[in-house]
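Reader: I am new to this structure and would be grateful for a close look at a single part of the model. Please set out its surroundings in a connected account.

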Amino acid sequence: MGSGGNTTPDRSGSEQLHESATEVFPGGVSHNIRYHDPHPLYVDHATGATIRDVDGNEYVDYWMNHQTSILGHAYPDVVEAVQAQAADGLHYGIPNELGLEFGRQILQRFPSAERLRFSSSGTEATMYAVRIARATTGNSHILKAEGGWHGGNTDLSKAVHSPFDQPTTSGLPPDVADHVHAFPLNDEAAVTELLETYDVAGIIVEPMLLAGGGMQCTESFLDFLRAETRARDAMLIFDEVVTGFRVSPGSYQARIGIEPDLTTFGKVAGGGLPVGGLAGREDLFESTKPVGVPADEAVLAGGGTFTMNPMTATAGLATLEVLEEKPVYEYTESQSERVRAGFAEIFADLGVEAEVLGTSSLFLPVFQPEEPLTDVGAVETETNRSALLEFHDRLIDRGHYHLPGHMGSISFQTTEAQIEDLLESSRDVVRELTTEDIL
Ligand SMILES: Cc1ncc(COP(=O)(O)O)c(C=O)c1O
């Protein structure tokens with residue numbers, strides 16, 4: 001499929017599979033985010049920057065496995081390493097040198113980290129980080145950003161989407177939401193007020209909110225959080241599940257020179273296989289040790305059946321090596337900047353009120369933002385949401401896959417020609433949307 005097509009391709013195979021999936025999974029999906037109207041695509045092949053659906057349609061993939069595959073799909077070095085390891089065992093459930101080396105390589109990259117524990121997902125990592133913060137400080141209140149998504153973790157299931165004073169899900173014990181308090185991004189006064197009202201165990205924040213539409217913390221706000229948490233003996237937790245190993249070798253914290261007490265990571269680190277983990281100062285992990293800790297001080301943090309499995313370690317190590325040896329950061333960031341600038345030019349040329357958010361390899365347009373675009377509420381509007389869905393749906397029809405409504409990302413295998421094609425199609429789509437009065 002090229003940039004010229006504007007009719008919906010045949011997707012009857014995906015439609016039928018989705019139909020039968022409704023008899024297996026509630027609503028036909030095992031993860032709600034993957035549902036979109038009229039039905040999700042079913043994919044049977046992914047290589048380089050491209051995915052192919054079961055009907056044989058090909059798309060350039062800008063979703064890249066939940067922003068995981070910064071190298072693109074089936075990167076040869078990673079595939080070869082994983083295939084070789086598979087013959088030596090998929091998982092041992094017993095310590096192994098590959099897992100040790102993987103841990104060592106991660107620690108070396110995070111400036112703030114002296115020890116780490118693996119988990120199998122980012123959700124578990126943030127759960128364990130909050131637990132360590134509470135155990136270390138003896139306080140129970142946690143502060144988070146409005147629009148911050150830290151996974152399905154019960155402890156943080158609040159203030160992901162507006163209205164921000166609500167739990168994200170029902171089924172929580174009644175007091176969970178009473179111990180989590182959200183602040184508008186970059187609002188120092190709001191944080192100060194919360195710190196003065198509650199005995200706070202820690203503040204958890206993504207330097208850039210992925211679910212929150214790409215809004216970014218300013219450096220001065222992160223500096224402020226660092227100073228305030230230090231002054232009040234609370235933990236500063238950077239959730240780098242998205243930004244970890246994506247924005248620079250030492251992640252976001254190295255880029256801005258701020259050291260949190262704890263860091264959570266996942267996604268990119270696993271090279272396409274499941275991973276999560278938390279890293280931080282050695283003293284914070286003392287109570288998590290298997291021996292020598294009094295029972296009433298012991299903290300369960302990290303672990304799980306599939307942690308430190310040699311397959312993830314192999315894929316992760318191969319990925320970290322490519323990240324070190326090839327100009328992945330330079331390429332993905334410059335190409336993503338080209339998309340951001342290209343979108344901005346299209347919107348200006350066609351008189352569309354829109355801004356483009358994102359950092360490093362990530363990008364997302366915000367349509368008709370409420371001025372000023374300073375907090376997540378401004379991107380959470382129904383106007384933006386419905387325009388973005390239309391924009392993405394029509395790009396998918398032209399062969400550029402975005403999970404509708406979600407951030408796009410450039411991989412190391414995304415070519416300049418594919419990006420040119422994306423921009424050309426985007427111009428056609430925006431023109432179409434203005435003609436139809438959707439924008
Ligand atoms: C910032 C952030 N933290 C945590 C998570 C949860 O990670 P996982 O989906 O691996 O559980 C996500 C997932 O998107 C995320 O974006």
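Predicted model: local features only at pLDDT ≥ 70, side-chain atom pairs only at ≥ 80, totals over all residues.

Author: Lys267 is placed in the loop between strand S9 (262–266) and strand S10 (276–280); here helices (H or I, at least four residues) and strands (E, at least two) are DSSP runs, numbered from the N terminus. Residues are numbered from 1 along each chain as its sequence is written.

Although Lys267 is not a glycine, its phi is positive, at about 35°. Lys267 is also one of the residues touched by Gln67, where contact means heavy atoms within 4.5 Å.

Gln67 itself belongs to helix H2. Apart from residues up to four places away in sequence, its contacts include Tyr62, Leu210, Arg246 and Val268. Among the others are Leu362, Met407, Gly408 and Ser409. Gln67 is buried, with a relative accessible area of 0%; buried means under 20% relative accessible area, exposed over 50%, and partly exposed in between (1.4 Å probe, protein chains only).

Helix H2 spans residues 64–67 and also holds Met64. Met64 has a phi near 45°, a positive value in a residue other than glycine. Met64 is likewise buried, and its relative accessible area is 0%.

Note on methods:
Heavy atoms only, no water.
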